[in-house]
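Here is a short briefing on local features of one model. Please keep the sequence and structure at hand while reading.

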Amino acid sequence: MCGILGLCLADKNANAAPELFEGSLFLQHRGQDAAGITTSGPKGRFYQCKGNGMARDVFTPERLSGLVGNFGIAHLRYPTAGSSAGSEAQPFYVNSPYGISLSHNGNLVNTLQLRKYLDEEVHRHINTDSDSELLLNIFACELDKTNKARANNEDIFTALKGVMERCRGAYACSGLLAGYGLFAFRDPNGIRPLLFGERENEQGSIDYMVASESVVLKAHNFKKFRDILPGEAVIVQKSGVVEFKQLVPIKDYTPDIFEYVYFARPDSVLDGNSVYHTRLEMGSKLAENIKNVFTGKDISKEIDVVIPVPDTSRNSALECAVKLNLPFREGFVKNTYVGRTFIMPDQKKRVSSVRRKLNAMESEFKDRNVLLVDDSIVRGTTSKEIIQMAREAGAKKVYFASAAPAIRYNHIYGIDLADTKALVAYNRTDEEVAQILGADKVIYQKLEDLIACVNARTKENKITNFEVGVFTGNYVTGVEDGYIQELEKVRAQNQKLKELNGNSDHNAKAESDIGIYNLGDYK
Ligand SMILES: *[C@@H]1O[C@H](CO)[C@@H](O)[C@H](O)[C@H]1NC(C)=O
């Protein structure tokens with residue numbers, strides 16, 4: 001999972017980089033592994049700065065001042081199986097045809113086939129394990145088919161249609177074509193989110209932005225915005241002319257439900273759904289489920305207090321407490337200056353970092369039966385430690401509720417959770433999971449309830465279903481034979497590399513890893 005941005009300013013003399021940087025801070029939660037910006041101006045030269053680390057570490061004022069041009073794209077990388085080794089930060093660049101720079105959020109699932117095609121039929125060199133490099137090269141190869149000195153909108157749309165026909169999986173992308181402008185597109189299932197917005201300037205000219213979440217558009221005053229539809233693309237030419245095109249028919253409009261469970265910011269609205277309201281609804285449904293688990297008993301005698309596991313679950317936990325008519329207390333205080341453990345790809349670190357990140361307040365646990373609410377349970381290592389902390393703080397009974405159903409399968413569309421076998425709920429009943437975690441009970445959301453939570457809030461109800469493969473093992477795009485095995489192999493390789501390099505600190509500073517950047521002397 002990653003965050004992407006694109007920006008085209010009407011003022012040819014303005015620089016897009018400062019706003020791309022500001023915008024990337026609003027998307028930092030989508031990926032803290034690496035960050036990159038490419039900008040360009042009317043003359044067509046690309047300026048690029050990318051490296052490992054958080055946006056604020058990579059984009060220093062000095063480097064930003066070297067990024068000139070009134071349009072550009074940005075990328076925030078979340079470590080996925082294919083991309084976490086080395087410093088393969090995006091945007092990626094190819095020089096032919098025309099010069100293309102691309103940011104990709106998502107994951108392709110027919111990579112073996114694409115790799116073979118690029119190698120054997122179109123003879124393109126692929127240098128990384130990243131599926132984003134494959135996607136960019138497929139686009140380059142489709143665009144090359146025009147065989148013209150200069151491409152036009154029609155050529156770009158035709159090439160993107162070719163991409164959609166060849167590539168299977170999840171992709172929301174923003175890209176630059178040198179000397180031409182900005183383009184963006186979304187896969188035919190709309191698995192990953194992407195929005196397009198307009199901002200009218202005082203003089204009446206219009207700036208355009210594409211972003212993974214609406215929160216960036218709102219923050220930057222792009223008041224008029226909408227979701228890019230599955231299978232749709234948009235081109236913003238450097239002259240400011242905008243054209244949308246539905247390239248392939250929407251087969252199924254199936255966004256990844258995990259955005260609502262965990263990934264997106266609560267203040268974002270994706271595909272017409274407020275993430276915050278969806279999370280409230282999850283708390284409400286979870287409460288019904290908990291009442292069922294304690295059927296025939298007086299809940300207020302069984303549970304003394306509801307305590308959220310910070311931060312994502314707080315919205316759901318509060319609503320759950322209200323619906324159960326129980327007190328809601330903050331039992332864990334978070335040290336905000338430690339990064340998210342979820343982002344840490346290293347298992348050993350993950351265990352100890354829970355205590356670095358959270359502190360249990362004894363006054364809230366002592367001699368109480370507590371209901372802990374989390375957004376989801378993945379490997380279970382964090383949950384286990386948290387339950388232990390609750391007990392050490394004096395809790396009598398510890399019930400653990402998950403606002404998401406049991407995660408039993410790989411996430412294959414860009415949120416690299418874990419190999420199937422490393423998931424605590426894999427091939428286990430809820431009772432077995434409870435035993436492993438050391439909880440008195442584990443209560444999961446039901447999948448049909450989760451789906452209802454998101455659907456309940458859909459204003460226009462364009463969505464036909466959701467991508468829920470992590471819960472069911474059935475993925476909307478299907479997967480190529482051998483894909484999951486390949487994914488797990490690459491993941492294991494990267495894990496080994498990381499251990500060898502001792503490179504598991506996700507807060508690695510960017511300095512030593514900057515690939516390309518331009519000093520401010522080109523202006
Ligand atoms: C599932 O668990 C049972 C034991 O609980 C074990 O016998 C079986 O081999 C496991 N299946 C898989 C596919 O891991």
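K397 sits in the loop that runs between α14 (381-392) and β20 (398-402). Helices (H or I, at least four residues) and strands (E, at least two) are DSSP runs, numbered from the N terminus. The model is predicted: local features need pLDDT of at least 70, side-chain atom pairs count only at pLDDT 80 or more, and totals for chains, interfaces and linings use all residues. Residues are numbered from 1 along each chain as its sequence is written, and side-chain values use heavy atoms, with hydrogens and water left out.

**Charged surface**
- K397 counts as partly exposed, because its relative accessibility is 39%. Buried means under 20% relative accessible area, exposed over 50%, and partly exposed in between (1.4 Å probe, protein chains only).
- K297, K396, K397 and K441 form a positive surface patch.
- Patch residues have over 30% relative accessible area and no salt bridge; like charges are joined within 9 Å, and nonpolar side chains (Val, Leu, Ile, Met, Phe, Trp, Tyr) within 5 Å. A salt bridge is a side-chain nitrogen of Lys or Arg within 4 Å of a carboxyl oxygen of Asp or Glu.

**Helix α15**
- Helix α15 spans residues 430-437, and its buried residues are V433, A434 and L437.
- Seen down the axis of α15, these buried residues fall within an arc of 100°, so they line one face of the helix. The arc is that of the directions from the helix axis to the C-beta atoms.
- E431 and Q435 are exposed, on the face of α15 turned away from its buried side.

**Cis peptide bonds**
- S96 and P97 are joined by a cis peptide bond, with omega about -5°. P97 belongs to the loop between β5 (92-94) and β6 (100-108).
- P310 and D311 are also joined by a cis peptide bond, with omega about 0°. D311 is placed in the loop between β16 (305-308) and α11 (314-324).

- Most residues other than glycine have a negative phi, and most peptide bonds are trans.
- D271 has a positive phi, near 50°. Its loop lies between β14 (269-270) and β15 (273-274). D271 has a relative accessible area of 3%, so it is buried.
- N427 has a positive phi, near 55°. The loop that holds N427 lies between β20 and α15. N427 has a relative accessible area of 68%, so it is exposed.

Methods
Areas by Shrake-Rupley, 256 points an atom, 1.4 Å probe, with all protein chains shown as cover. Lys, Arg positive; Asp, Glu negative; His and termini not counted. Charge placed at Lys NZ, Arg CZ, Asp CG, Glu CD.
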